[in-house]
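This briefing is meant for a reader who is new to the structure shown below.

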Amino acid sequence: MEARPTAAARLLSVLDCFSPRTPVLSLTEIAQSASLPLSTAHRLVGELAGWGALARDDHGGYHLGLKLWELGSLSLARASIREIALPYLGDLFDATGENVHLSVLDGTDVVFLARLAGHRSVGILTTTGSRLPATTTATGRVLLAHAAADTRESALTSPIPAETPHTTTDPETLRVELADIARTGYCVADRQLADDAVAVAAPIRDATSRVTAAVAVVGRRETTSVAHLVPAVVTTATGVARSLGYRRPARRRS
């Protein structure tokens, strides 16, 4: 008599359904691929999604989540963004000599997919794969400015840590700032995460025009020209977006 699969084995069988050829699967496809009853697959997928190992897209399909990426595995949902963005991030780093970040939103946190750091750049606490509350970082605020209203409100109603004496922690002030970021297309975060740092961030859109990531440069406040950084960061974000398939809608002639 064959031993019944353990709970861990069943969970792993669900994850094993995903591959480069099948990065997105429906619940029915997962059940069929893992040879599980649909009800069992539904329960296991729910547990994995709750933990962050799986994520659900707008069409009901499931893909590997950022939690696995944080633990050292590639997240298929984000890997292509990172690979496409890296050459642009390298150019931005060469042009500025400052820390360069690529980030995505996960709930109300920002997760850093890539970081390029200079030897003379300002010291920062972030590393590739780390996460911080989105309200405290330039890329996080850019992403919140373009996030769904319920995600934005959840972030604004959660405790906002004061990383420095200058960190904006008042929800109403941040709400106004996020509206301004959405209008202007970039964020300037002055002494929000470190006393001697200023950051400039801009959104990256995908082929569906959805803001899917953000890029930022973090420099030393005393020597960084925000006026020079803004066009450089916005240009980088635009380049990555175009490589992802984004095209700015044509203006209607009056």
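In this predicted model, strands S7 and S8 form a hairpin in which five residues lie between the two strands, and Ser 209, which sits in the turn, has a positive phi of about 75°.

**The hairpin and its pairing**
- Strand S8 is mostly covered, since nine of its 10 residues are buried.

**The other partner of S8**
- Strand S3, which spans residues 99-106, also pairs with strand S8, residues 211-220, in the antiparallel sense, and here the pairing runs over five bridges.
- Within this pairing, Asn 99 has Val 218 as its bridge partner in S8, while His 101 has Ala 216 as its bridge partner in that strand.

**The sheet as a whole**
- These strands belong to an open sheet of six strands with antiparallel pairing, and the order across the sheet is S5-S4-S3-S8-S7-S6.
- Strand S5 (131-133) and strand S6 (187-190) stand at the edges and have a single partner strand each, so one side of each is left without a neighbour in the sheet.
- Neighbouring strands of this sheet are turned by 30° against each other on average, when direction is ignored.

**Helices on the sheet**
- Helix H6, made up of residues 138-145, lies across S3, strand S4 (109-116), S6, strand S7 (197-205) and S8, and runs at about 150° to S8.
- Helix H9, made up of residues 226-243, packs on the sheet and touches S6, S7 and S8, with a direction that makes about 25° with that of S7.

**Cysteines**
- How many disulfides does a search of the whole structure find? The search finds zero disulfides.
- Is Cys 17 buried or exposed? Cys 17 counts as buried because its relative accessible area is 9%, and buried means under 20%.

Note on methods
Residues numbered from 1 in each chain as written. Predicted model: local features only at pLDDT ≥ 70, side-chain atom pairs only at ≥ 80, totals over all residues. Heavy atoms only, no water. Pairing = 2+ DSSP bridges. Helix = DSSP H or I, 4+ residues; strand = E, 2+ residues; numbered from the N terminus. Axes fitted to C-alpha atoms, helices over the stretch in contact; angles between N-to-C directions. Contact = heavy atoms within 4.5 Å. Disulfide = S-S within 2.5 Å. Buried < 20%, exposed > 50% of the residue type's maximum accessible area, 1.4 Å probe, protein only.
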